Amino acid sequence: MFTNSKLTKSIRLAIAAGAASTVMTLPSFAVAQEAVDEVEKISITGSRIQRTDLEGSSPVISITAADIKLEGDFTVADALRSSSLNSFGSFSERSGSSAQSQATINLRGAGSRRTLVLLNGRRFPGSPTLGGASANLNAIPFAAVERIDIMTEGASAVYGSDAMAGVVNVILKENFEGLTISGGVGHRTNDEGTTSKEFSIVGGLSNDKGNITFAFDHQERKGISDGARDYTKAKASDLNGDGVIQYEETSGYSFYGANIVTPDGDLLASPLCGDLISEYGDAFIEANADNAWGPGSTGCFYGYANVSYNTASIDRNTLYVNSNYEITDDIEWFGQAMFVQNSSFGRYAPPAAPWYAVPVSSDHNPFDEEVFGYFRWVDIGTRDGNTDDYNQDYTTGFRGNLDWNDASWEVYFHNNVADNKQVGEYYLSYGGLAYNEANGIDLGSEEGVANMSATTLTSSKSTFNQLYAGIGFDMFELNGGIVQHYFGAEFMEQTYADIYDAQSAAGLIGGSAGNSAAGERDISSLFFESVLPVTDDVEVNIAVRYDDYSDFGSNVSPSAKVRWEVMEGVVLRASYSESFRAPGLDELNAATTFSAESATDYQQCAENGIEPVDCTSAQYDTYYQSNPDLGAETSDYVNLGAVWDVTDEFGIKLDYFKLSIDNVIQTKSVNSLLLDEAAGKITAFDADADISEETFYLKRLNGADGGRLVEAGTGYFNGEGFEIEGIDLTFTGMVETEFGDFRFNNVNSIILSYDQELGGVVVDTAGWSGQPEFKSVATLAWSLGDHSVAWNLTYTDSTTEAEVLTDPDDNALTDGVWETSGKLDSWLIHNLTYSYNAGEYGTVSFTVNNLTDEDPVLSSSGTWDNADLYNNFGRDIRVNYQISF
């Protein structure tokens, strides 16, 4: 076990592990040193047993609140998205999505539903907007954060479902004393005016019986329109110089403009296209669609990127209170309350919706029969999405000590209520369109537009109730000391509802997607953990947990870990854990849902002589079905690691990991369906085929003979798994000189392989587009007197651009060969922060994020295709003032 001198060194290195080791955090460092002699046991993420060793058998990276600010992050979500452990990026605030206000974390690239988020060691429920399965990081108060622990290891044996790729534990402030006021503003150099604002108050009072800590936090960040960046604005040009603009030579334009499908199946620009161009300018263009649709086809395309937003805004207010009170010498009450309100604005282009029967009387229709049309209902106006999320989280309980085997116990009740509402304005009412047509009302008249304009409402709500009881105690003794145990039980209730307005659910709203879903479940759990000090230097940790779900069954999750202190300053560790993920309530219960999903149809490109690297994506009508018979995912996680404190000032951590996930709950994306088609696993149906009994299907204009993709169908199922193998390498150091104190921290994550089944072939996709093999975050901090500077670098490795399955063999799918082409650039972002500590007058900080104003990584055709991995903020300059009393 660690002696006090070893604990002192561990604390010093832990605090040196980030940019927070600047002058602003030196006082807390001193406090930690002074308190060493009083420290006996501390809570470590990944175990319910308190202990004295900071560097345990599980790999944990800690990010302090000061780290977050000095690394240039504006929110908790920003800090986690920029982490090198967020291997393939994660979802962030995005206009055009039903989850526009949400943000998630995706450890190891295994999926956000396989990363468990905790708040003060307690499960933070999934957002109803995200199906009740993924936690919304934008519901976590930034000003109240003390630190964030990231444990990269399976942890279902301790915490239950979802902890497959790891655990993110957000530790909020408690036992705070004093008052700290902070405020700041920011400006993105690619946008106009003030683009961000922040203000917070954190305070605390203590007496000999207890403490109350409170925080108020306000944050605003403006959204970004497509037109504000050259790489996202609508563009059309004759790229190949043949004198003709084809649809694939455009970017930010849509088939939904003013187009009809002729009786022969060709696409034809409306005869009124010229009038629309005269009225709306470059919002409409007329171009050829020989390759995108078929020979001889033309289109009147709409430039949605001229008016839409890609990054949604956030406007968040948070109130947080934490309190504890000593009832007796051995019993303490504790409580926590948190209220978060977040508003978000997103803008989409005017409704893009089919006109199922363009009448003969319409000037858009040159034929003597009704035809199908792809139309942009521009007279209705841009669709504006206004989202308001409300999250309430309450905990109350008791904890204490028993005069028996050094026992400590805890019981609490935890309640969380999320209530999210999204109001969509200026959508198309098909009922209004039918009324206009039946009554001869001009669709472009004021009355006609009013009849067709619709407002949508999506109400997403979830409740989570948790009863918890646990006791830790010592029993038995081995050569290395007393054996510690922990036994606990919990009962959880979860309800989830994502309800769309009746008109949207009935399919009577154009330009809207989605359908209602609702479900509920109960979970009963028992868990046990034990730490066995086999010798003075070797410690074994075992844990097991039993979970019983009311809606799908039960699961047992074991884990075993070993920690060996080879010599002072050198620790070897190894662990094996089994985890699981319960099916999401949306995956079990959702109604069939429509989505316009993007995909790249390489088959049609090949038919039209287009090379894979030049084959652009398009949106296709897609229908998703739930599956009430889903089973749980299961996983195995192996970790082998070494920690070496080279000196008191320098340390190295090296961890090898292998995560294998089986029985994966998944849907087949349209791209996956196209791969199955290429591999001969499915055959496309004709465009007018009856597919009511099908779940996974493709419809093509000419069925199995090919032609344009018309529609796709998919759903949830338990399918093949995947395996991720990699290495994490961390360096920490500090040097004190007469020229100032230098601190360094570098966290590297390397994906050695990412094996998954695609198109009937098991393939290693590490290094493919969206899946970089290497990410690194480094921070160098310097402080001298009242001045400090932090330089943060985040690096994302280059990837391939396109991947295509070639020469598939219907009789031997494994003969298929994946070929990659093109190369996407690596991405290096510099963030710089300078702080001046004016003592009793406060601290002023200046931050420049993305110092060199790097664009996100673009495709060879100049498009920004991955918002999860690369952001489009550009250079962001912020100033912050903080004063404490």
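A salt bridge here is a side-chain nitrogen of Lys or Arg within 4 Å of a carboxyl oxygen of Asp or Glu. This is a predicted model, in which local features need pLDDT of at least 70 and side-chain atom pairs count only at pLDDT 80 or more, while totals for chains, interfaces and linings use all residues. Residues are numbered from 1 along each chain as its sequence is written, and side-chain values use heavy atoms, with hydrogens and water left out.

**Stop 1: salt bridges**

Please select R94 and D868, whose side chains meet in a salt bridge with an N to O distance of 2.6 Å. This pair links distant parts of the chain, 774 residues apart: R94 is in the loop between α4 and β2 (115–119), and D868 is in the loop between β46 (843–849) and β47 (876–884). Helices (H or I, at least four residues) and strands (E, at least two) are DSSP runs, numbered from the N terminus. D868 is partly exposed, with a relative accessible area of 30%. For this tour, buried means under 20% relative accessible area, exposed means over 50%, and partly exposed is in between (1.4 Å probe, protein chains only).

Next, select D586 and R113, another salt bridge, at 2.7 Å from N to O. D586 sits in helix α10 (residues 585–589) and R113 in the loop between α4 and β2, 473 residues apart. Are these two residues buried or exposed? Both D586 and R113 are buried.

For one more pair, go to E332 and R399, where the closest N and O atoms of the salt bridge are 2.7 Å apart. E332 lies in strand β18 (residues 331–348) and R399 in strand β21 (residues 383–401), so the bridge ties together parts that are 67 residues apart in sequence. E332 is partly exposed at 22% relative accessible area, and R399 is partly exposed at 26%. How many salt bridges does a search of the whole structure find? The search finds 32.

**Stop 2: the nonpolar cores**

In soluble globular proteins, nonpolar side chains tend to be buried together. A nonpolar core is a set of buried Ala, Val, Leu, Ile, Met, Phe, Trp, Tyr and Cys residues joined through side-chain atoms within 4.5 Å. Select I140 and I148, the residues with the most contacts inside the largest nonpolar core, which has 48 residues. Helix α4 (residues 76–81) gives the most to this core, with four residues.

Which residues does I140 touch, leaving aside its neighbours within four places in sequence? I140 is in contact (heavy atoms within 4.5 Å) with V76, V117, L119, F124, V145, V170 and R316. Apart from this core lies another, of 24 residues, including I260, C300, Y302 and F375.

**Stop 3: a five-stranded sheet**

Show the strands as a cartoon and find the open sheet ordered β1-β4-β5-β2-β3, with mixed pairing. Two strands pair if DSSP finds at least two bridges between them. The edge strands, β1 (60–64) and β3 (122–123), each pair on one side only. Strand β2 and strand β5 (residues 166–172) run parallel and are joined by five bridges; select T115 to find its bridge partner, G166, in β5.

In the loop between β2 and β3 you will find N120. Phi of N120 is near 55 degrees, a positive value in a residue other than glycine, and N120 counts as buried at 17% relative accessibility.

**Stop 4: strand β41 and its partners**

Move on to strand β41 (residues 774–784), which contains L780. Strand β39 (residues 740–758) runs antiparallel to β41, with 10 bridges joining them; the bridge partner of I750 is F774. Another 10 bridges join β41 to strand β42 (residues 787–796), also antiparallel, and A781 stands opposite A790. β41 and β42 form a hairpin with two residues between them, and G785 in the turn has a positive phi of about 60 degrees.

**Last stop: helix α12**

Finish at helix α12 (residues 670–678), where V670, L673, L674, L675, D676 and E677 are buried. Just after α12, select G680, which takes a positive phi of about 80 degrees.
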